[in-house]
Amino acid sequence: MQELWTAVDRYLDDLLIGPDPVLEAALRDSAAAGLPMIQVTPAQGKLLSIFARLLGARRILEIGTLGGYSAIWMGRALPSGGCLISLEVDPHHAEVARNNIERAKLSARVEVRCGAALELLPRIEAERSGPFDLVFIDADKPHNPDYFEWAVRLSRPGSLILVDNVVRGGAVADPGSGEAAVRATRRMLEVAAADPRVDATAIQTVGRKGYDGFAAFLVAGGRPKTPQG
Ligand code: SAH
Ligand code: DHB
Ligand code: MG
């Protein structure tokens with residue numbers, strides 16, 4: 001099925017997104033710099049930007065920058081005066097990302113901070129950079145439960161928290177999985193399901209990156225959660 005999923009992604013990306021020299025250059029330079037090509041797909045990047053615009057997001061937090069591909073998509077969705085802070089542990093990734101963001105003319109709005117996210121997040125809280133309207137969690141999966149907790153802390157009612165790669169070829173449904181990433185993601189989903197502060201869902205996806213999915217958590221606001229929540 002992978003060939004078909006890739007062909008459909010190619011069709012949708014060509015039709016709905018089309019050529020984008022800045023994003024293509026970001027991918028080219030990321031590959032040339034030896035970064036793993038695990039960024040969101042064009043269609044997923046565009047969905048991130050649609051979510052950001054739907055939220056009227058002025059402040060966005062990303063955990064896991066890589067070469068800045070998803071950051072460019074979300075950064076473009078910001079109004080002037082908006083800001084995106086993206087956290088990246090690998091200095092080489094951060095440098096490639098900063099160059100890609102510069103070329104996208106987003107340096108005034110998109111800031112890449114280099115360090116382990118769990119060390120940077122308390123500083124972001126201390127300097128009162130939040131609350132963030134949108135948080136995109138896409139870093140080391142074993143820390144997903146911690147990142148979820150930080151994302152809620154740094155949010156406000158009505159904020160959206162998205163988590164990439166929660167399905168992992170279906171492994172998420174295996175309670176006996178020995179993979180740290182799967183165990184942690186299951187724990188995050190279980191914690192979120194029981195957390196009255198968020199309304200949770202998750203969606204399976206297929207495409208050029210295989211069979212995976214993302215979770216979406218709406219931070220509880222004035223409205224009650226959906227029934228049973
Ligand atoms: N969001 C990116 C892809 C991120 S890939 C995109 O779609 O374009 C995951 C990134 O998380 C990698 O660059 C990896 O170096 C980074 N990462 C891993 N552990 C981390 C940590 N503890 N803190 C911050 N970033 C981390
Ligand atoms: C991996 C990480 C990702 O964020 C992703 O979208 C796909 C794969 C990985 O670590 O293999
Ligand atoms: Mg990912």
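Predicted model: local features only at pLDDT ≥ 70, side-chain atom pairs only at ≥ 80, totals over all residues.
Residues are numbered from 1 along each chain as its sequence is written, ligands are numbered from 1 in the order in which they are written, and side-chain values use heavy atoms, with hydrogens and water left out.

The magnesium ion (ligand 3) is coordinated at 2.0 to 2.2 Å by Asp-138 (OD), Asp-164 (OD) and Asn-165 (OD1), donors being N, O and S atoms within 2.8 Å of the metal (3.2 Å for Na, K and Ca). Along the chain, these donors follow the spacing D-x25-D-N. Asp-164 and Asn-165 are both buried, that is, under 20% relative accessible area with a 1.4 Å probe and protein chains only.

Asp-138, Asp-164 and Asn-165 also surround ligand 2, together with Ile-38, Lys-141 and Lys-209, where a residue counts as near if one of its heavy atoms lies within 4 Å. By class, this shell has 1 nonpolar, 1 polar and 4 charged residues. Oxygen atoms of ligand 2 lie 3.2 Å from a polar backbone atom of Ile-38, 3.1 Å from an N or O atom in the side chain of Lys-141 and 3.1 Å from a polar side-chain atom of Asp-164. Taken alone, ligand 2 exposes 290 Å², of which the protein buries 66%, with areas taken from the Shrake-Rupley method with a 1.4 Å probe.

Key: Buried < 20%, exposed > 50% of the residue type's maximum accessible area, 1.4 Å probe, protein only. Polar contact = N/O pair within 3.5 Å; in protein donor to acceptor, adjacent residues only side chain to side chain. Nonpolar A, V, L, I, M, F, W, Y, C, P; charged D, E, K, R; others polar.
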